Amino acid sequence: SELIRGFLLSGMPCPSSCPPGLLALMAPGLALMATFSLSSQAGDRRALPVEKPSGVKGRTLILLDVNTKSPVRIISENFLSLQLDPSIIHDGWLDFLSSRRLVTLARGLAPAFLRFAGKRTDFLQFHNVKNPAKSRGGPGPDYYLKNYEDDIVRSDIALDKQKGCKIAQHPDIMLELQREKAAQMHLVLLKEQFSNTYSNLTLTARSLDKLYNFADCSGLHLIFALNALRRNPNNSWNSSNALSLLKYSASKKYNISWELGNEPNNYRTLIGRSVNGSQLGKDYIQLRSLLQLIRTYSRANLYGPNIGRPRKNVIALLEGFMKVAGSTVDAVTWQHYYIDGRVAKVTDFLKTRLLDTLSDQIRKIQKVVNTYTPGKKIWLEGVGATSAGGMNNLSDSYAAGFLWLNTLGLLASRGIDVVVRHSFLDHGHNHLVDQNFNPLPDYWLSLLYKRLIGPKVLAIHVAGLQRKPRPGRVIRDKLRIYAHCTSYHNHNYVRGSITLYIINLHRSRKKIKLAGTLRDKIVHQYLLQPYGKDGLHSKSVQLNGQPLAMVDDGTLPELKPRPLRAGRTLVIPPLTMSFYVVKNVNALACRYR
């Protein structure tokens with residue numbers, strides 16, 4: 001026992017003279033995801049009776065090493081992806097997707113999917129018209145200002161003259177009028193959401209052009225969710241409007257992947273009748289047949305069924321769907337929101353029990369999928385910190401990042417191929433970019449993730465100076481560590497480098513000593529903290545002490561690391577998120593794509 005503890009704490013590799021069963025005995029100290037209970041109370045931190053490694057002052061809470069030989073998971077290059085809600089048609093923001101600033105922000109998160117879907121997906125009708133002024137609706141004849149309408153038309157005419165990416169520079173007065181309009185429409189959208197009663201929404205051909213232009217210019221691949229609630233008398237899917245949209249998109253040679261419907265488990269509350277899993281599966285087969293009839297989309301990807309939280313009735317729907325159409329879809333999708341946005345508090349975002357609610361959902365979804373189509377890819381779509389549009393100064397604040405970063409780490413470690421964040425820009429407070437087109441804390445967190453994290457997930461070896469948890473006890477830890485190969489797209493680091501990302505929910509700083517293959521390597525620190533007097537409620541962040549902001553509409557700031565000397569203990573401040581690139585590890589798992 002003392003020999004095992006000594007090797008764990010020293011970080012030294014096991015010598016050839018180790019007893020044959022030693023590695024098996026060390027297994028409890030290994031973890032795919034570092035989930036450990038590191039209580040800040042003194043009674044939970046018993047020092048083991050071994051000599052401290054040289055160069056470590058005081059008590060080191062944890063020694064950390066990474067298995068560099070092979071990855072335990074490989075996720076999609078588009079793992080962190082984005083969503084836009086159809087409500088942007090209602091509130092007018094779709095007309096501003098050509099903004100240079102928005103395109104710059106979206107490009108920062110490429111490569112990624114852009115999913116166009118949400119609560120209003122199943123009330124969306126396609127209308128093949130070009131003149132936006134004639135096709136728009138609104139709450140009343142005085143709702144739209146004539147000058148504003150004329151500005152939109154003039155902007156559209158100017159965009160039509162551009163070749164390739166169509167980028168606009170909207171005047172400040174035009175944006176101010178749009179914000180006023182969106183604020184009024186926000187109340188309408190909230191009323192619809194809380195009453196669960198939605199009005200029909202028209203997507204014109206010009207609006208689809210603008211949506212695709214934004215995705216294409218930003219380096220994002222568009223996924224479009226079609227209306228599944230257009231039903232025939234026998235409850236089968238009526239595909240006539242979808243066919244019109246498909247034909248128009250094909251005529252423009254738009255490269256799009258497809259879905260059908262959004263949260264089909266809620267259809268009874270929306271229209272008074274349900275669509276069971278078997279019928280939904282038949283609808284997907286019908287859509288696949290439609291796609292195969294159109295040359296442009298004969299090999300297009302199809303994703304679904306985008307169910308809600310996997311409760312008993314939802315699991316039954318998924319099972320019925322998988323029996324009929326499991327082989328028809330290219331990935332199985334579901335969505336998850338952690339908190340009801342109407343009752344959320346900042347302390348909710350610090351609860352480890354809340355962070356762990358996703359784990360059980362992953363297990364339930366994987367069980368069903370692997371029963372019917374073993375190995376089928378699984379995506380989490382429409383994930384957000386809170387439902388009901390979120391809450392101002394909470395779901396758009398620094399505090400929400402703890403949920404978001406843990407979601408990314410947990411999903412990657414469990415082999416979920418893609419996670420789609422709701423939303424890039426919308427009327428609520430779950431978005432990455434606000435209505436002044438300024439990036440919020442979760443945007444900067446996502447940007448760091450994209451710049452530093454590659455698709456290969458690595459196993460973590462940990463040895464902590466804390467009491468071992470009782471067998472079978474659920475660990476609710478406040479220090480979470482994940483490891484990946486560093487992104488191949490980041491040319492500041494040679495292949496073979498490793499990136500750690502760490503969430504510290506403790507109200508005290510924690511120390512981590514890198515051991516084994518990571519020992520005595522130069523480390524680059526990217527420490528993300530709230531900026532300003534609002535603390536966890538802040539909508540601004542600082543990186544290594546420097547506030548983050550766009551340089552101009554076309555330029556993101558340089559994300560500068562803080563180099564740490566080789567062998568230095570990592571000190572993780574309380575209530576923070578951070579990334580650490582361990583340079584020149586020459587990890588075998590990370591040398592090749």
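**Cavities, cores and a buried helix**

In this predicted model, the lining of the second largest cavity comprises 6 nonpolar, 1 polar and 5 charged residues. The structure contains 3 cavities of 30 Å³ or more. The largest nonpolar core has 137 residues, and helix α4 is largely enclosed by the rest of the structure.

**Second largest cavity**
- The second largest cavity holds about 60 Å³ of space.
- Its lining includes the charged residues K513, D520, K521, R565 and R568.
- Also in this lining are L514, L518, V523, L564, A566, G567 and L570.

**Largest cavity**
- The largest cavity has a volume of about 80 Å³.
- Its lining has 7 nonpolar, 4 polar and 1 charged residues.
- Strands β7 (124-127) and β9, with helix α9 (240-251), each contribute at least two lining residues.
- Among the lining residues are L124, F126, F224, R230, W237 and L245.

**Nonpolar cores**
- F224 and W258 have the most contacts inside the largest core.
- Helix α15 (residues 401-413) gives this core its largest share, 8 residues.
- Another core, of 26 residues, lies apart from the largest one and includes I460, I481, A483 and A589.
- F224, which also lines the largest cavity, touches residues including F116, L124, L203, L245, I256 and W258.

**Helix α4**
- Of the 8 residues of α4 (residues 100-107), 6 are buried, so the helix is largely enclosed.
- The buried residues are R101, L102, V103, T104, L105 and A106.
- These buried residues pack against α8 (205-218), β9 (220-226) and α16 (441-452).

Methods
Residues are numbered from 1 along each chain as its sequence is written. This is a predicted model: local features need pLDDT of at least 70, side-chain atom pairs count only at pLDDT 80 or more; totals for chains, interfaces and linings use all residues. Side-chain values use heavy atoms; hydrogens and water are left out. Buried means under 20% relative accessible area, exposed over 50%, partly exposed in between (1.4 Å probe, protein chains only). Helices (H or I, at least four residues) and strands (E, at least two) are DSSP runs, numbered from the N terminus. Contact means heavy atoms within 4.5 Å. A nonpolar core is a set of buried Ala, Val, Leu, Ile, Met, Phe, Trp, Tyr and Cys residues joined through side-chain atoms within 4.5 Å. On a 1 Å grid over the protein atoms alone, a cavity is a set of points where a 1.4 Å probe fits but cannot get out, and a pocket is an open set with protein on both sides within 12 Å along at least five of seven lines; lining residues have an atom within 4 Å of a point. Grid points are joined across faces, edges and corners, and a volume is the space filled by probe spheres set on the points. Lists of a residue's contacts leave out its neighbours within four places in sequence.
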